[in-house]
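Please keep the sequence and the model in view while reading.

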Amino acid sequence: MRRRSVKSMQRFYNRLYPFYGIIEKSLDATFERIAAECIATIPEVRRKSALEYACGTGLLTFKIAPYFNSVVARDLSQKMLASARRRTGTISANIQFLQGNLLEIDEAFETYDWVFVACGLHLFAPEQGTAILSRLLGVSREGVVIVDHIRRWNPVSALIEWIEGSHYDTFVKTNFREVAECIRARAFEEQLIGKCSVMIFRK
Ligand SMILES: C[S@@+](CC[C@H](N)C(=O)[O-])C[C@H]1O[C@@H](n2cnc3c(N)ncnc32)[C@H](O)[C@@H]1O
């Protein structure tokens, strides 16, 4: 299997960003539903803060921002972030786009109410994924929401992910309920919404 280093992944997304609109189009309706069905139901969500890692061009960021008081969105790729920032108008004044690496999470303990990663966790090997989830759960006050591939192997996704150099093959086999126990999440739930699996690790 072909995997990328952090530098190679950054170069890949710095080159891919002009074409990312194709992926956005295929995920737009699903992310809209995720915001409406999962975020809108969080009690007092308008008073709460969110952190999103691997935000890319901000597809999920712009969907969740209207529900939260503030959102900080981080990504490794400067070009993906620049593309996200270009879309930030006055209606998105509560979003801050910053560079950040999921392998070097430096936010302090319980800084944000909720933490999100959309289509980013499958980029990492299982042990790295568990370490990332554990760090993110620490950063959150209420929980972590992971939006990613439905964990049923699919040849088209496998081909795309091979090009991306991700860990799709192991991601689809991971038992996230066990991971939730391992990182001491208080509760774990997984649901399918549109084209994605949404996993919530509660604190
Ligand atoms: C498949 S895209 C998902 C983008 C966006 N969340 C979405 O759903 O459209 C994966 C994103 O992860 C970012 N990424 C890759 N490795 C990362 C890392 N180590 N830390 C933070 N972001 C990373 C890439 O730059 C890219 O923007």
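Of the 203 residues of the protein chain, 37% count as buried, a residue being buried if 20 or more other C-beta atoms lie within 10 Å of its own, exposed if 12 or fewer, and partly exposed in between, with C-beta atoms placed from the backbone. This is a predicted model, in which local features need pLDDT of at least 70 and side-chain atom pairs count only at pLDDT 80 or more, whereas totals for chains, interfaces and linings use all residues. Residues are numbered from 1 along each chain as its sequence is written.

The protein chain has eight helices and seven strands, taken as DSSP runs numbered from the N terminus (helices: H or I, at least four residues; strands: E, at least two). Its C-alpha trace spans about 45 × 40 × 30 Å along the principal axes. A compact globule of 203 residues would have a radius of gyration near 17 Å, and the 16 Å of the protein chain agrees with this; the radius is taken over C-alpha atoms, and the globule rule is 2.2 Å times the number of residues to the power 0.38.

Helix 2 (residues 21–39) bends by about 50° at Leu27, the bend being the angle between axes fitted to the seven residues ending there and the seven starting there. The end C-alpha atoms of this helix of 19 residues are only 24 Å apart, short of the 27 Å that a straight helix would reach at 1.5 Å a residue, where the expected span is 1.5 Å times one less than the number of residues. Its buried residues are Thr30, Phe31, Ile34, Cys38 and Ile39, and their cover includes helix 3, strand 5 (140–149), strand 6 (187–193) and strand 7 (196–202), judged by contacts (C-beta atoms, placed from the backbone, within 7 Å).

Around the ligand there are 21 residues, of which Tyr13, Ala54, Gly56, Leu76 and Ser77 come nearest; a residue is near if its C-beta atom, placed from the backbone, lies within 6 Å. Helix 1 (6–16) and helix 3 (59–64) each supply at least two residues of this shell, and the largest share, three residues, comes from helix 1.

Most residues other than glycine have a negative phi. Glu44, in the loop between helix 2 and strand 1 (49–53), has a positive phi of about 50°, and Glu44 counts as exposed because it has 8 C-beta neighbours inside 10 Å. Glu110, in the loop between strand 3 (95–99) and strand 4 (112–118), also has a positive phi of about 50°, but Glu110 is partly exposed, with 13 other C-beta atoms within 10 Å.

Terms used. Contact = placed C-beta atoms within 7 Å.
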